[in-house]
Amino acid sequence: MINYHPSIEILTDYAAGSLPLAHSLCVSTHLERCPECQQQIRKLEMLGSHLFDQAQTESRQLSNLKDSFFKNLAQQPSPKEDHKVSPQEDKSIRWDDYAIPRSLRQFITKSYDDLTWMRLSPSFKIATLYNEEGGAQIALTRVKAGAHMPTHTHTGDEITLVLEGAFSDESGIYRQGDFINRDASHKHKPIVTKDAECICLTVLDAPIEFTGWLT
Amino acid sequence: MERAIQLPNDEQRVTDIYAVAQHRDQAALGRLFDHYVPKVRSFCLAAQPGANLMADDIAQEVMIRIWNKAHTYKPESASLNTWVFTLARNARIDYLRRNSRHQSDIDPEYLWEHVIDENADPFKDAQQKRDQERIQQGLDKLPPDQKQVLSKVYLEGKTHKEAAEELSLPLGTIKSRVRLALHKLTIYVKR
Ligand SMILES: [Zn+2]
Ligand SMILES: [Zn+2]
């Protein structure tokens, strides 16, 4: 049961395509597990299509563009069948113990274990997936069952998406699929539940030094 | 093909997309081009005024995707307009991330594809049509300030934050305008 969802602003920016890609990655990962938000996105896309439909402002002659398009099309190889794995088959693939969300397959092809994990304490590891130039930092954190994550504050916004396991902090308990958005003013001390390790996807708007996480 | 002329435009275009999918019908693709390319170009120019070459590139890319993906279009999950809007949105995202100052290596290809639950729902089609109508009719009645913000977000590709900066309004005002609008359109369900 998912209890924490992206705000309607985030969902709208995502459906409109204006949300930064790093954040869109988190929303996409949440949507894979949240039929409720999928329904919202479906309607937000409908809204987009009506705005799109009304947006036409110009009446430029497009016959040249059309001619060159059809000329190019003639040279296109005929479309081959989609060889990509269909989402259904896709879902059932389990590499080690965990199913990697579709949205993360571009970074993790097989297993969370294949990533380069940086051990910051005996119970806390982090693996950077991607640093956007001048932008967000995308990482996975992996914390052992029952362990504390280092107390930390953020210099920018932080999005956390629970991939496996669960953790809690002063404000609540967060389980698989939950989407948590914290702003820069927030200071918190998360604890992982005792039954299993916890893997989270995090996006930090302002990259911070990992060592700064340790108190 | 003669009888197709009598069809209302939306149905004609659905017929055309099937003709593209099943018979690789270039005449049908040409009709879709005439209808959608000006819209895609306007959509791109809203985000990057004056960028005509970019608009042409993206419009052509959208038409190629229509040609290559026509067989994946499912009328029960989205109207054709919505499907083309999502193709245009994704093509614009892809273009911008490859050509902007802040290039990103995040591949957006899978980020907007979701598995809507496949359980056959006999009411889904009717529900979808009702939602469509409600949204379209509601949109025409929205106050201009609410519609303006929606256009900034959807057409100009601005985030709520960027829209606030551009209109010199507090972020809270932008958020509440969007919430009010979505509420009227029955999109926003408070949890
Ligand atoms: Zn959700
Ligand atoms: Zn935090």
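**Ground rules.** I am working from a predicted model, where local features need pLDDT of at least 70, side-chain atom pairs count only at pLDDT 80 or more, and totals for chains, interfaces and linings use all residues. Residues are numbered from 1 along each chain as its sequence is written, chains are lettered from A and ligands numbered from 1 in the order written, and side-chain values use heavy atoms, without hydrogens and water.

**Entry 1, the zinc ion.** Which residues hold the zinc ion (ligand 1)? I found His5(A) through ND1, His30(A) through NE2, and Cys34(A) and Cys37(A) each through SG, lying 2.0 to 2.3 Å from the zinc ion. I took donors as N, O and S atoms within 2.8 Å of the metal (3.2 Å for Na, K and Ca); water is not among the atoms, so sites may look incomplete. The angles among the four donor atoms are 104 to 114 degrees, and the site is tetrahedral (for four donors, all angles between 85 and 135 degrees). In sequence, the donor residues are spaced H-x24-H-x3-C-x2-C. His5(A) lies in the segment before helix 1 (8–16) of chain A and Cys34(A) in the loop between helix 2 and helix 3 (35–54) of chain A, so the pair ties together parts 29 residues apart in sequence. Helices (H or I, at least four residues) and strands (E, at least two) are DSSP runs, numbered from the N terminus.

I also checked burial, meaning under 20% relative accessible area with a 1.4 Å probe and protein chains only. His5(A) is buried at 18%, and Cys34(A) is buried at 3%.

**Entry 2, the six-stranded sheet.** In chain A, six strands make an open antiparallel sheet in the order 1-2-3-11-5-8. Its edges are strand 1 (118–121) and strand 8 (179–182) of chain A, each pairing on one side only. Pairing here requires at least two bridges found by DSSP. The twist averages 25 degrees from one strand to the next; axes are lines fitted to C-alpha atoms, for helices over the stretch in contact, and angles run from 0 to 180 degrees between N-to-C directions. Strand 1 of chain A meets strand 2 (residues 124–131) of chain A over three antiparallel bridges, and Ser121(A) stands opposite Phe124(A).

**Entry 3, the three-stranded sheet.** This open antiparallel sheet of chain A has the order 7-6-10. Asp169(A) stands opposite Gly172(A) in strand 7 of chain A.

Methods. Four donors count as tetrahedral if all angles lie between 85 and 135 degrees; four count as square planar and six as octahedral if opposite donors are over 155 degrees apart and all others between 65 and 115; anything else is irregular. Buried means under 20% relative accessible area, exposed over 50%, partly exposed in between (1.4 Å probe, protein chains only).
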